[in-house]
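Hi everyone, thanks for coming. I'd like to take a few minutes to walk you through a structure, so please have a look at the screen.

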Amino acid sequence: MTQANAIIVGASSHLSKEIATRLAQQNVSLVLFVQNPEDMQEFADQLPTKVEVLPLDIENPSAIISQLEKVWLSIDGAHLVLVNTGLNGYHESLPWQLEQDIIDVNVSGFTAICNTTFRLMREQGYGQIAAINSIAGLRGGPSVAYHASKAYAQNYLEGLSMHAQRLKLPITITDIQLGLLDKAAMQQSKLWLPPLPKVAAQIIKAMQKGKRKVYVTKRWRLIAWMTMCLPEFIYNTRHWKTKKKK
Ligand SMILES: NC(=O)c1ccc[n+]([C@@H]2O[C@H](COP(=O)([O-])OP(=O)(O)OC[C@H]3O[C@@H](n4cnc5c(N)ncnc54)[C@H](OP(=O)(O)O)[C@@H]3O)[C@@H](O)[C@H]2O)c1
């Protein structure tokens, strides 16, 4: 492989489009996996590099495995695979279907992508798998399956990195621990709302430096540390409400 190729899985969000644009400006050829390729074509056409947009069937692990294998052959490998897929949702009654959907995308689909990419990069002899993960995985939370799935992703990526080292393979695994983005925007909280270009720039810089784990934006490293340190009776704000009622 002479040309730098990158594959972005889940390329339709604002964040992944910003990352794709910046990679394209660096002359990286792109394969973008999205749910609705037609909706992405206009965006892809205006990028200054070779871009292929393909359908993503993440809820069907065997389909995503063969999609990845096929595209890998057609572009002669890739130096970077960025996993940006993620599903979140909350309902007070914790309906099974919602939990199942989150597990399908964030656990089964995520694992199929990372496992297949690792195998293909092992055969290729090098590469980088980066995943946009969430600090939500540090503790449990109201979107029960979402928080748990992000903990799974963090653990899986750490295991992959250890496996690459055990096999002495130059495969870099980068866990991008994202803080709040849209949620902060919805809450009109300027304090926590990092501008998208800044988020994308920090992600690209961390990938290019081959970081193992990075908090984006940087201030979330402190929040992550505090979150992990808090005892459950403080972390779980429901306890506070119960005390107030008394
Ligand atoms: N946004 C935040 O505040 C935030 C904070 C922390 C971590 N994160 C995590 O960061 C990652 C990127 O988040 P984001 O805000 O850029 O985007 P997002 O809106 O969370 O979605 C990420 C991508 O996943 C795709 N996706 C979701 N369900 C899918 C399905 N069933 N089949 C195929 N594709 C599916 C989406 O495609 P469609 O657009 O076609 O649905 C989108 O391209 C996610 O893993 C997210 O959990 C986000």
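This is a predicted model: local features need pLDDT of at least 70, side-chain atom pairs count only at pLDDT 80 or more; totals for chains, interfaces and linings use all residues.

Let's begin with the ligand. How many residues surround the ligand? The count is 23, and the closest are Ser12, Ser13, Glu59, Tyr146 and Lys150. Two of those closest residues come up again when we look at individual atoms. In the side chain of Glu59, an N or O atom sits 2.6 Å from a nitrogen atom of the ligand. For Ser13, a side-chain N or O atom is 2.7 Å from a ligand oxygen. The backbone takes part in this list too: a polar backbone atom of Gly10 lies 3.3 Å from an oxygen atom of the ligand. As for cover, the ligand on its own has 860 Å² of accessible area, and the protein covers 80% of that.

Which elements give two or more residues to the shell around the ligand? They are β5, residues 127-134, and α5, residues 144-166. The largest share is three residues, and it comes from β5. If you sort the shell by class, you get ten nonpolar residues, ten polar ones and three charged ones.

Now, please turn to helix α4, which runs over residues 96-124. With 29 residues, α4 reaches 40 Å from its first C-alpha to its last, close to the 42 Å expected at 1.5 Å a residue. Follow α4 along and you'll find a kink of about 35 degrees, centred on Asp104. After α4 comes Gly125, with a positive phi near 100 degrees.

Phe110 belongs to α4 and Tyr156 to α5, so the pair ties together parts that are 46 residues apart in sequence.

Where is the cis peptide bond? It joins Val216 and Thr217, with omega about -10 degrees. Thr217 is in the loop between β7 (213-216) and α8 (220-229). The other spot is Asn27, a residue other than glycine with a positive phi, near 70 degrees. You'll find Asn27 in the loop between α1 (14-25) and β2 (29-34).

Technical notes. Residues are numbered from 1 along each chain as its sequence is written. Side-chain values use heavy atoms; hydrogens and water are left out. A residue is near a molecule or strand if one of its heavy atoms lies within 4 Å of it. A polar contact is a pair of N or O atoms within 3.5 Å; within protein, one must be able to donate a hydrogen and the other to accept it, and residues adjacent in sequence count only if both atoms are side-chain atoms. Accessible areas come from the Shrake-Rupley method with a 1.4 Å probe; for residues, only the protein chains shown count as cover. Helices (H or I, at least four residues) and strands (E, at least two) are DSSP runs, numbered from the N terminus. Ala, Val, Leu, Ile, Met, Phe, Trp, Tyr, Cys and Pro count as nonpolar, Asp, Glu, Lys and Arg as charged, and the others, Gly among them, as polar. The expected span of a helix is 1.5 Å times one less than its number of residues. The bend at a residue is the angle between axes fitted to the seven residues ending there and the seven starting there.
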